[in-house]
Amino acid sequence: MSLKSEVIGFIGLGMMGLPMVQQINKHGYKIYVSDLDHAKVDKALSFDGIEQLDLNRLHQIDILITMLPNSNIVEKALLGDEDRDGVCAQLRENTVIIDMSSSEPLRSRALAKTLSLKGFQYLDAPVSGGVKKAVSGEITIMVGGPRQLFNEHIALLKSMGSKIIYVGTSGSGHAAKALNNYVSAAAMTATIEALKVAEKFGIDPDIMTDVLNSSSGKTNASENKIKQFVLNETYASGFSLILMNKDLNIAKNLTENLQFNLPLSDAVFKFWNTSAKECQANVDHTEIYKKIGNLDG
């Protein structure tokens, strides 16, 4: 495959970031990578065509992608703080910055304005689908920002994902991601509650899952998580309970800022937040099954 003309910088080589970098590289883009964890950088550099991003190379970048834990870290990486400059200090004017992290929508909207004043272009483009789909290049990418800028860079986004959705103005991608995960968490909670009640009545949870998947109660949880990760007790979906709760808190803050009173969401937020406080960082979000089990006294 011939080398694409755009040069990509990528900051953040976590469980999702590294396979996304591999997909970009596989599609013929020149890519430079960075992460505070040197072991993750070394792993990325073991693949042909991937090189390390350093200060001397930032001015070569056409498009900078961030895949980081939260808005605080994204803003610090880009803009810096009182102790050091962010990477924007070394980027060329009109560099396109694409934040694919799970960031806060209103802060992303403000960041877009800040970056525009500094001469940069910005898209928010969070992802959904988990590690398995990141590895296969089949994640969903939800994009916010100027429509023309989205159109100009859809080929790059398609190198990482199979479903690319333009959502709206800046911050819309991050809003859609958080709301999607709220729906996912609510549906998983309801699905597990149904399984627990069915089991107490005497219905095999495996059979009840079949009923849900053949009926109007089918959810992503019942179809893709219950038998695969819960009933077999592997709890290995690749997405932690802590991260799910982080996205739920983003959705909660959004609803509060928009002054919505949503009784169901309040109950979901409270339950997952309590569960997250009681678990270790590496606990898979499918282990929420155990937490709901504690309620059946």
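Predicted model: local features only at pLDDT ≥ 70, side-chain atom pairs only at ≥ 80, totals over all residues.
1. T191 is found in helix 8. With a relative accessibility of 4%, T191 counts as buried, because the cut-off for buried is under 20%. A polar atom of its side chain lies 2.7 Å from the backbone oxygen of A187. Leaving aside residues up to four places away in sequence, T191 touches L212, T219, A221, S222 and I226.

2. Helix 8 spans residues 172-201, and its axis comes within 10 Å of that of helix 13, residues 263-277. The two axes cross at roughly 80°, which makes helix 8 roughly perpendicular to helix 13. On the helix 8 side the meeting residues are Y182, A185, A186 and T189. Their counterparts in helix 13 are L264, S265, V268, F269, F271 and W272.

3. Next, the nonpolar cores. In soluble globular proteins, nonpolar side chains tend to be buried together. In this model the largest nonpolar core has 33 residues. Those with the most contacts inside it are F10, M20, I65, M100, I141 and M160. Helix 1 (residues 17-26) supplies the largest share of this core, four residues. Apart from it lies another core, of 29 residues, and V268 and F269 are among its members, as are L248 and V283. Both V268 and F269 also belong to the helix 13 side of the contact with helix 8.

4. Helix 3 covers residues 71-79, and its buried residues are S71, V74 and L78. Seen down the helix axis, these fall within an arc of 65°, so they line one face of helix 3. What do the buried residues of helix 3 pack against? Their partners are strand 4 (63-66), strand 5 (96-99) and helix 4 (105-117).

5. Both ends of helix 3 have a local feature to record. At its start, a side-chain oxygen of N70 reaches to within 3.1 Å of the backbone nitrogen of N72. Just after the helix, G80 takes a positive phi of about 80°.

Terms used: Residues numbered from 1 in each chain as written. Heavy atoms only, no water. Buried < 20%, exposed > 50% of the residue type's maximum accessible area, 1.4 Å probe, protein only. Helix = DSSP H or I, 4+ residues; strand = E, 2+ residues; numbered from the N terminus. Arc of directions from axis to C-beta. Contact = heavy atoms within 4.5 Å. Polar contact = N/O pair within 3.5 Å; in protein donor to acceptor, adjacent residues only side chain to side chain. Core = buried A, V, L, I, M, F, W, Y, C linked by side-chain atoms within 4.5 Å. Axes fitted to C-alpha atoms, helices over the stretch in contact; angles between N-to-C directions. Parallel < 35°, antiparallel > 145°, perpendicular 65-115°, else oblique.
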